[in-house]
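Colleague: Please pick one part of this model and take me through it closely. I'd like to know what surrounds it and how it ties into the rest.

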Amino acid sequence: GVQTCALPISLPSLARTHATVTLQLIVTSDPHLSAGSSAGSSRPLVVLFGKAVEVSSDDVPNTRINSPIVVLATGPGWLTLQPTQHVTAAGRVSVPQPGELGTAVFDARGSPTRVGVASPVERAAGRIRDGLRTAASPLPRGPRGLLPGLVDGDTSGLSPDPVAAFRTTCLTHMVAVSGVNVVKT
């Protein structure tokens with residue numbers, strides 16, 4: 001069972017030791033490819049934000065926590081997750097670099113185990129985003145990724161060059177309609 005431990009177990013303390021853990025987290029952002037990754041590469045790096053709600057390891061029993069976390073993953077299934085989904089995954093936690101968001105970085109090993117479905121609103125938004133990506137698919141590579149970003153903030157199809165150009169010109173707000181900003185990774 002899940003317990004609340006008298007010992008002060010926190011994600012930052014586990015991150016300082018680069019602990020290997022199993023996390024249950026709630027996805028809080030749309031997953032996107034890291035700069036330099038592409039959907040066609042053999043192991044694209046997926047980045048997403050979440051809230052870690054439970055942690056366990058060989059040394060730590062199942063313990064409830066509440067910590068924002070940045071997830072880095074290369075396994076299948078991460079790019080299709082939606083905000084509000086609960087997932088479980090194994091991996092290593094580490095301390096974020098200066099300027100990175102979250103209390104820890106989670107290097108996920110393998111695919112996530114889905115624990116729950118996204119909320120009805122997020123599922124509907126996901127269907128709209130999928131439809132827009134399908135509608136934009138005949139366009140050349142640049143506009144194909146840019147159109148969904150401009151219309152609904154879906155930056156998952158943007159390649160690194162436009163992302164860098166938006167950052168350089170301080171125009172990241174152009175693709176943040178849904179509240180998802182192009183994040184420095």
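Modeller: Let's start at one end of strand E3, where Val46 is the bridge partner of Leu33. That contact belongs to the pairing of E3 with strand E2 (residues 32–33), antiparallel over 2 bridges. By "pair" I mean that DSSP finds at least two bridges between the strands. Helices (H or I, at least four residues) and strands (E, at least two) are DSSP runs, numbered from the N terminus.

A bit of housekeeping: this is a predicted model, so local features need pLDDT of at least 70 and side-chain atom pairs count only at pLDDT 80 or more, while totals for chains, interfaces and linings use all residues. Residues are numbered from 1 along each chain as its sequence is written, and side-chain values use heavy atoms, with hydrogens and water left out.

Back to E3. Strand E1 (residues 20–27) runs antiparallel to E3, joined to it by 6 bridges. In that pairing, Ile26 sits opposite Lys51. E4 is an antiparallel partner too, with 9 bridges to E3, and there Phe49 faces Val70 of E4. The link from E3 to E4 is a hairpin of 6 residues.

So is E3 buried or exposed? Of its 11 residues, 10 are buried, so the rest of the structure largely encloses this strand. Buried here means under 20% relative accessible area, exposed means over 50%, and partly exposed is in between (1.4 Å probe, protein chains only).

Leaving out residues up to four places away in sequence, Lys51 touches Gln24, Leu25, Ile26, Thr28, Asn66, Ser67, Pro68 and Ile69; a contact is heavy atoms within 4.5 Å. Leu23 is 28 residues away from Lys51 along the chain, and their C-alpha atoms are 9.8 Å apart. As background, side chains in a regular strand alternate between the two faces of the sheet.

Strand E4 (residues 63–73) pairs with E6 (residues 104–114) in the parallel sense, over 4 bridges. Ile69, one of the residues that Lys51 touches, stands opposite Ala104 of E6. E6 also pairs with strand E5 (residues 86–94), this time antiparallel over 7 bridges, and Ala90 faces Arg109 there.

What about the core? The largest nonpolar core has 26 residues, and those with the most contacts inside it are Leu11, Leu23, Ile69, Val71, Trp78, Val93 and Phe106. Two or more of its residues come from each of helix H1 (11–16), E1, E3, E4, E5 and E6.

Finally, two backbone angles to check in the loops. His18, in the loop between H1 and E1, has a positive phi near 55° although it isn't glycine. Its relative accessible area is 42%, so His18 is partly exposed. Thr84, in the loop between E4 and E5, is another non-glycine residue with a positive phi, near 85°. Thr84 is partly exposed as well, at 30% relative accessible area.

Key
A nonpolar core is a set of buried Ala, Val, Leu, Ile, Met, Phe, Trp, Tyr and Cys residues joined through side-chain atoms within 4.5 Å.
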